[in-house]
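The sequence and structure are shown first.

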Amino acid sequence: MSEAIVAVEGLSKRYGSVRAVDDVSFAIAPGQTVGVVGESGCGKSTTARLIMGLERPSGGTLRFRGEPYGSSARALRPVRRAIGMIFQDPYESLDPRFSVRELIAEPLRAHGRWRDGGETRVGELLEAVGLGSVSLRAAPTEFSGGQRQRLGIARALALDPAVVIADEPTSALDVSVQAQILNLLLELQRERGIGLLMISHDLHVVRRMSDTIVVMYAGAVMEQGPASEITARPRHPYTRALLDAIPGTSPSARRLVGRPRTASGIASAASTGCPFATRCPRVDDRCRSERPPLTGVPHAVACHYPESA
Ligand code: ADP
Ligand code: MG
């Protein structure tokens, strides 16, 4: 396996008593996709912000090309430049006062890459995301959701990132355009050898794209490993429930994962024992009192009673 661009080692983040991210480890390699899944409030976006260097971890280590992240804004600058971010909601993440040209020029200017061919670069980026024919003077408000997310992708690619983090990039879009955006991301990733961190609450979105999958619940990793293993032979009851959560599938699966969970509901998940114990169909006393460690290579699971491999 090629060397990791970003390595996440035992990463943790607390907000007061909330363990937003709790001992998470994975690596992002060139041309590979890591999928991070779990319901709202499980710590996906916090993980993304930590990797972007926008917040400081409470514990663990982040490495960029083998070197631990520096702590000053100056030391983090090369890391931020090397990581492109695609946000959840293209309606909110693009400033409506900016023209198409300005939206894409902005990251180039901010990193001193405008004078040297910036104008040409804007054209190339728009072309790459399938917006080659739009007016540079248009405002993003004139665009459809799918077009706006294409703009978001162009912005994320502006500085030739080694890694792209896509945080729920299609969850604000119509179902009909979701696949187009995911395919575009995959295509660009392959062309450019980008390491992709694909974040979604929907395991079905992530499974198609990922080489490795990390399943999170209440900040912690429940199951992790090769995508084909995780989806063909899930071992954690939570992963099983996420996989079963297709509209029209078993009511028990929908009961388990279908209800929107408040962040505080997840945050107050058992602090001793398994975080998933309060919702697990297979829970017993041991699960309530003793936290299962994450074990197994390369397919790891944190469960006292995993489904057999
Ligand atoms: P996800 O992206 O999976 O929905 P988040 O990473 O946004 O989850 O949040 C994980 C947990 O951390 C939640 O309980 C959330 O309320 C909490 N949290 C996130 N950001 C902050 C913050 N800035 N201050 C306090 N709590 C936060
Ligand atoms: Mg989020």
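Val 34 stands opposite Thr 212 in β9; strands are DSSP runs of E with at least two residues, helices are runs of H or I with at least four residues, and both are numbered from the N terminus. The model is predicted: local features need pLDDT of at least 70 and side-chain atom pairs count only at pLDDT 80 or more, while totals for chains, interfaces and linings use all residues. Residues are numbered from 1 along each chain as its sequence is written, chains are lettered from A and ligands numbered from 1 in the order in which they are written, and side-chain values use heavy atoms, with hydrogens and water left out.

Strands β3 (residues 33-37) and β9 (residues 212-217) run parallel and are joined by four bridges; two strands pair if DSSP finds at least two bridges between them. Both belong to an open sheet of seven strands with mixed pairing, in the order β6-β7-β8-β3-β9-β10-β11. The edges are held by β6 (83-86) and β11 (300-301), each with a single partner strand, so one side of each has no neighbour in the sheet. Helix α1 (residues 44-51) packs on this sheet, touching β3, β6, β7 (163-167), β8 (195-200) and β9, and its direction makes about 150° with that of β8. Contact here means heavy atoms within 4.5 Å; axes are lines fitted to C-alpha atoms, for helices over the stretch in contact, and angles run from 0 to 180 degrees between N-to-C directions.

## Strand β8 and its partners

β8 runs parallel to β3, with five bridges between them, and Val 37 has Ser 200 as its bridge partner in β8. Five bridges also join β8 to β7, again in parallel, and Val 163 stands opposite Gly 195.

In a regular strand, side chains alternate between the two faces of the sheet. Both faces of β8 are covered: Gly 195, Leu 197 and Ile 199 are buried on one side, and Leu 196, Met 198 and Ser 200 on the other. Buried means under 20% relative accessible area, exposed over 50%, and partly exposed in between (1.4 Å probe, protein chains only).

## The four-stranded sheet

An open sheet of four strands, with antiparallel pairing, has the order β2-β1-β4-β5. Its edge strands, β2 (18-28) and β5 (67-68), each pair on one side only. β1 (residues 6-15) and β2 are antiparallel over seven bridges, with Val 6 opposite Ile 28. Helix α1 lies across β1, β2 and β4 (59-64), at about 120° to β1.

## Nonpolar cores

The largest nonpolar core has 56 residues, and those with the most contacts inside it are Leu 151, Ile 153, Met 198, Ile 213 and Val 215. Helix α7 (residues 175-192) supplies its largest share, six residues. A second, separate core of 31 residues includes Val 6, Val 34, Leu 50 and Met 52. Such a core is a set of buried Ala, Val, Leu, Ile, Met, Phe, Trp, Tyr and Cys residues joined through side-chain atoms within 4.5 Å.

Beyond its neighbours within four places in sequence, Met 198 contacts residues including Val 34, Ala 166 and Leu 182. Thr 170 lies in the loop between β7 and α7 and counts as buried because its relative accessibility is 5%.

## The chain as a whole

The protein chain has 13 helices and eleven strands, and 50% of its 309 residues count as buried. Its C-alpha trace spans about 65 × 45 × 35 Å along the principal axes.
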